[in-house]
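Here's a quick tour of one protein model, written to be read with the structure open beside you. Have a look around first, then come back for the details.

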Amino acid sequence: MKLSSITFAGLLLALTPATVSAADGQKLVGTQLGTQCKDNLVLANAFDGDLTTCFYGLRTSDEYSRPWAGLDLGTKHVITRIGFAPSSESRSCSRLAIFQGANTEDFIDAIPIAMVPLEGPVPGQMYYIDVNVSRGFRYVRMVGAGGAQMNVAELEFYGNEGEGDDSQFFQITNLPTIAFNTPGMAQIVSKDDKHTGSQVYVISDDGTTLLSDNNATMKGRGNGSWAMEKKPFQIKFDKKKQILADAPAIAKKWTLINNHGDKTLMRNKIAFEMSRNAGMPYTSYCRFVDVVYNGEYEGTYQLCDQMEVNKNRVNITEMEPTDTEGEALTGGYFIEIDAYADQEVSWFRSNRNIPVTIKSPDEDEIVPAQSQYIENYFNTMLDALFSANFKDEENGYRKYLDLDSFLTYFLLGELTGNTDTFWSTYMTKERGSDKFVTGPVWDQDLAFDNDGRTFPVNDKSNFIYNYGSKADGMQNFVDRIIKQDPGAKQRLSFLWSTLRKHADFTPEYFNEKIDQWAQELDQSQKLNFTRWPILGQYVHQNPTVRYTYEAEVNAVKNYITKRFPKLDTLIGLVDVPDDSAVESVETDTDAPAEYYNLQGVRVPNPSAGLYIERRGNTARKVILK
Ligand code: CA
């Protein structure tokens, strides 16, 4: 419902402070626009020059609930300054409220241009914010702060008429800002609710870079995390895009992880760093961002890859529906051993009762020959694992399961203490290969001692997978390898001992990274925990609550400090060759470089981390930054 009336310029001028200079632009007038109000607290009250009258925008329970108030300026204007006064009753109502500029009347193309800071506005007094956005906008508005009613006594916009340019945008903190608008500001209320025709804006490089997509699809995502009040989202661009300059993939789908149960906001980030440094073939891209959702600040999120087949993601052959026989039928498949598999469309329950989701080929493209093949092949692997001669290196389960990637995945699960490690386990089977490769790691909300069911992890006498929740059948699966195959146990010690010799695989290395990330997150986490005041409250499986962000971060660091020596004991350290044992001769710089992880698996598109670089006949260890 939209209300409008004409603003009288003379009335507004009475309130303009004497300090406003010409450079600030002139005070702008226009047609008033806004949502429904409460009682007689009408929209015009926000523009009447009277600090004692206010507009009270209603926040209703329906899906189009966000209250807002603004102006149609008639023509495009570059906004230089915004003034507003919270009503005398309510200061908190306006904290984190977003101001937007747009060039369509329905604000579908709205971009944030300013935000009300945490400190500053005083109830019943004008507060001014300088705006440094170079694009011209015809429509401007203030949207009610996330989760709060809107109660504003006065609202003023200053600026100069003109188209402006796209050289400067507003970035909420030092982190990139991702803002998205769904048609009609419809809320994403169910996980499967797809909002096509959404607009997405990614603002980075201190506001100097803008990526936009005006026909994106926004939807919810996640399993346990979808149930939380701060929602996780998936972005699907109209066309493949590189979302930020440091993202390796060019892709349509990207995920915004909410990290709501993880009050450090960085458990996934830490685990991904460990995965990269352990030489896993692929680890998701990961970047902290601020999110604005239909004009509301929604907090700190983690921008990650969609878990999918892509040259710079899960890098296996993408199958066609016509790949139904011969070698073409043998891959590539991307599957997930998944306790939630029965909620998916494309899944099977294997022998040994293990539920498996088929991620690729996609559920709407896979053909029966393919789903039958991968189910049968998974069962072949299980039959080998549970056969009498399963330990046989040639003909046992190792013929079908790549041991090193499984063991490295296992080690990462133990290092992070992630109780979801075998609740959800990804695997790939590439075309022409006999073996399932385990990974990538994903979903680390409960890692680093964030699960009340297993806290404190370092006090447990055995590996954490014994205590964590697992998909059906996975206790026996892991036991068979870790407890019943001495050769695998020996290999586990070798892999752990090898990693432990590297400078980037120590408690000191990771704890220093954590300090850097806490610094990077500092501005944003303060906004996040104002939007979601959950410090000191139990969320999801939190084992304990702490009252500051710093205390949450320190708990993770303390866990890591203890976890490394604990695993040294549980796994057992063995002698491994020094790094210098890798044969190193004169580098043949003319030969093309190929990169291998420390398990000797070729990595086609290496991200940062430690690798073996081969050029022609030479090999050396290198750290890629
Ligand atoms: Ca007023």
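Is Arg398 buried or exposed? Arg398 is buried, at a relative accessible area of 12%, where buried means under 20%, exposed means over 50% and partly exposed is anything in between (1.4 Å probe, protein chains only).

## What you're looking at

This is a predicted model, so a few ground rules apply: local features need pLDDT of at least 70, side-chain atom pairs count only at pLDDT 80 or more, and totals for chains, interfaces and linings use all residues. Residues are numbered from 1 along each chain as its sequence is written, and side-chain values use heavy atoms, with hydrogens and water left out.

## Overall build

The protein has 8 helices and 24 strands; these are DSSP runs numbered from the N terminus, with helices (H or I) of at least four residues and strands (E) of at least two. Of the 625 residues, 59% are buried.

As for size, the C-alpha trace spans about 90 × 50 × 50 Å along its principal axes.

## Salt bridges

Count a salt bridge whenever a side-chain nitrogen of Lys or Arg sits within 4 Å of a carboxyl oxygen of Asp or Glu, and you get 28 of them.

Back to Arg398, then. Its side chain meets that of Asp485 in a salt bridge, 3.0 Å from N to O. This pair links distant parts of the chain, 87 residues apart: Asp485 is in the loop between H5 and helix H6 (486-500), and Arg398 is in the loop between H3 and helix H4 (403-416). Asp485 is buried, with a relative accessible area of 2%. Arg398 also forms a salt bridge with Glu393, where the closest N and O atoms are 3.6 Å apart. Glu393 is exposed, at 57% relative accessible area.

Another one to find is Asp472 with Arg349, again a salt bridge, at 3.0 Å from N to O. Asp472 lies in the loop between strand E21 (436-438) and helix H5 (474-482) and Arg349 in strand E18 (residues 347-349), so the pair ties together parts 123 residues apart in sequence. Asp472 is partly exposed at 37%, and Arg349 is partly exposed at 35%.

## Charged patches

Now for the surface. Patch residues have over 30% relative accessible area and no salt bridge, with like charges joined within 9 Å and nonpolar side chains (Val, Leu, Ile, Met, Phe, Trp, Tyr) within 5 Å. Lys and Arg count as positive and Asp and Glu as negative, while His and the chain ends are not counted. Each charge is placed at NZ of Lys, CZ of Arg, CG of Asp or CD of Glu, and the areas come from the Shrake-Rupley method with a 1.4 Å probe, where for residues only the protein chains shown count as cover.

Glu318, Glu320, Asp362, Glu363, Asp364 and Glu365 form a negative patch. Asp364 is in the loop between strand E19 (355-360) and helix H3 (368-385), and at 67% relative accessibility Asp364 counts as exposed. Lys194, Lys236, Lys240 and Lys252 form a positive patch. Lys236 is found in strand E13 (residues 233-241) and is partly exposed at 33%.
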